[in-house]
Amino acid sequence: MAPMTRCRTGRTGVPTAMNAEYYAQRASAGLIISEATNVSPEALGFAFTPGIYNDEQEGGWRQVTDAVHAAGGKIFCQLWHVGRISHSSMQPNGMLPVAPSAVKPDARCFTENGFKSCATPRALELEEIPGLIEQFFHATKRARQAGFDGVEILAGGGYLIDQFLKDKTNRRTDDYGGSIPNRSRFLIEVVEAAIKAWSPDHIGVRISPVGTVNDIDDSNPEELFSHVAEQLSAYELAYLHVMENTVPGSPREDTYDLLMEKLRKLYKGVYIGNSGYDLKLAINRQQDNLADLIAFGRPFIANPDLVQRFKIGAALNEPDNSTFYDGGGSVGYTDYPFLPNDSVWSTG
Ligand SMILES: Cc1cc2nc3c(=O)[nH]c(=O)nc-3n(C[C@H](O)[C@H](O)[C@H](O)COP(=O)(O)O)c2cc1C
């Protein structure tokens, strides 16, 4: 199950019993990747999203991981820092959000009072960067203590790590900007920090090489992400998770698929493909050795028993976009219907 922000965690970022129920309902996924989870108060850009930086949040996640494990599943925590996709109203003391460079995104963040245009961020000072990397170390440690099976570092989606990687957002002239190895340095150092808190086989990385969501882009994604895939191979991580489309749900394009094929070959380890898959495409790409695993996102919102439905060829419930991010209740969250009991063990 692909990571999906659902904005149902309340102001404190402490996961609730309802969040535990939602994830436990989906435990048959095999591996759940949690919604993006803030590594610090400054990491926040979307209201009502969970955190993993204090004891209460760690305790809240413990009930989620216990519920998923009791239902026979596994769950990784997706570690998130939004960088410039935020607004001062969501930052501690009304500060400006931080980013590699002070480039204003043409994008919106989700505040408690609805969507707002993102602010022009403040460019990080060189001396601040080790502190940010340390946030990922602490978050990994807490995720481990909270009973997760691993962490996924969100290096895509137009958020902080992606902002360092791609040249539309990274205009730095120090060791973290300019050349591809320099722009990749922040990601690599975050990975190394996570490895200090847990072994590499508990750490995955998510990238979106051609992703343009949150006003991001790169002039040469092939060269950039070939370098990233090769560098990451050396760490023997749990997996590399690739969002293969520009925008989730957009039609798949052959040119992007060629780039993904290249990355799949360059990355020596488990490759998870994602974005716009149905069962047929998933099986085809796995049979063609273009992915080891496929992550499904929106189908899991509407079908807690997606795996069973795939097995028996049952019809799928349609997800309701209007309740994807809703800030509160169980509607469109824990109330999607399961198949009737008598279809659970049938084979198709
Ligand atoms: C409601 C919603 C929330 C999402 N939140 C996240 C997130 O927190 N982290 C992330 O990496 N991707 C997030 N995504 C992207 C999904 O993980 C996935 O890449 C996307 O939905 C495409 O896969 P699909 O076609 O199987 O739905 C989100 C997508 C949706 C629809």
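Visitor: Why is Pro 337 called partly exposed?

Guide: Pro 337 has a relative accessible area of 44%. Buried would need a value under 20%, and exposed one over 50%, so with its 44% Pro 337 counts as partly exposed. Please keep in mind that this is a predicted model.

Visitor: Where is Pro 337 found, and what is it in contact with?

Guide: Pro 337 sits in the segment after helix 10 (306-312). Leaving aside neighbours within four places in sequence, its contacts are Pro 304, Asp 305, Arg 309 and Asn 317. Pro 100 is another matter: Pro 337 and Pro 100 are 44 Å apart in space, C-alpha to C-alpha, and 237 residues apart in sequence.

Visitor: How do you know that Arg 26 has no salt bridge?

Guide: A salt bridge requires a side-chain nitrogen of Lys or Arg within 4 Å of a carboxyl oxygen of Asp or Glu. For Arg 26, which is buried, the nearest side chain of opposite charge is Asp 335, 7.2 Å away. Against the 4 Å cut-off, therefore, no salt bridge can be assigned to Arg 26.

Visitor: What does the side chain of Arg 26 reach, then?

Guide: The backbone oxygen of Phe 300, at 2.8 Å. Arg 26 itself is in the loop between helix 1 (17-25) and strand 1 (32-38), and the residues it touches beyond four places in sequence include Met 1, Tyr 333 and Tyr 336.

Visitor: Is Arg 264 buried or exposed, and how do you know?

Guide: Arg 264 has 11% relative accessibility, and the limit for buried is under 20%, so Arg 264 counts as buried. This arginine lies in helix 7 (residues 254-266). Its side chain reaches the backbone oxygen of Asn 289 at 2.7 Å, and Arg 264 also touches Leu 290, Ala 291 and Asp 292, among others.

Visitor: What makes the pair Asp 55 and Arg 142 a salt bridge?

Guide: Their side chains meet at 2.9 Å, N to O. The rule asks for within 4 Å, so the pair qualifies. The pair links distant parts of the chain, with Asp 55 in helix 2 (residues 55-70) and Arg 142 in helix 3 (residues 129-145), 87 residues apart. Glu 58 joins Asp 55 and Arg 142 in a network of salt bridges.

Visitor: Why does Asp 55 count as exposed?

Guide: Its relative accessibility is 55%, and exposed means over 50%, so Asp 55 passes that limit.

Visitor: How many salt bridges does the rule give?

Guide: The count comes to 14. Among them is Glu 128 with Arg 122, at 2.8 Å, N to O. Glu 128 has 29% relative accessibility and Arg 122 has 34%; both values fall between 20% and 50%, so each residue counts as partly exposed. Another salt bridge is Asp 174 with Arg 172, at 2.7 Å, where Arg 172 is buried at 10% relative accessibility.

Visitor: What makes the phi of Asn 214 and of Ser 275 worth a look?

Guide: Most residues other than glycine have a negative phi. Asn 214 is not a glycine, yet has a positive phi of about 70°, and Ser 275, also not a glycine, has one of about 110°. Asn 214 is in the loop between strand 8 (203-207) and helix 6 (221-233), while Ser 275 is in the loop between strand 10 (271-274) and helix 8 (279-287). Their relative accessibilities are 10% for Asn 214 and 5% for Ser 275; both are under 20%, so both residues count as buried.

Technical notes
Residues numbered from 1 in each chain as written. Predicted model: local features only at pLDDT ≥ 70, side-chain atom pairs only at ≥ 80, totals over all residues. Heavy atoms only, no water. Helix = DSSP H or I, 4+ residues; strand = E, 2+ residues; numbered from the N terminus. Buried < 20%, exposed > 50% of the residue type's maximum accessible area, 1.4 Å probe, protein only. Lys, Arg positive; Asp, Glu negative; His and termini not counted. Polar contact = N/O pair within 3.5 Å; in protein donor to acceptor, adjacent residues only side chain to side chain. Contact = heavy atoms within 4.5 Å.
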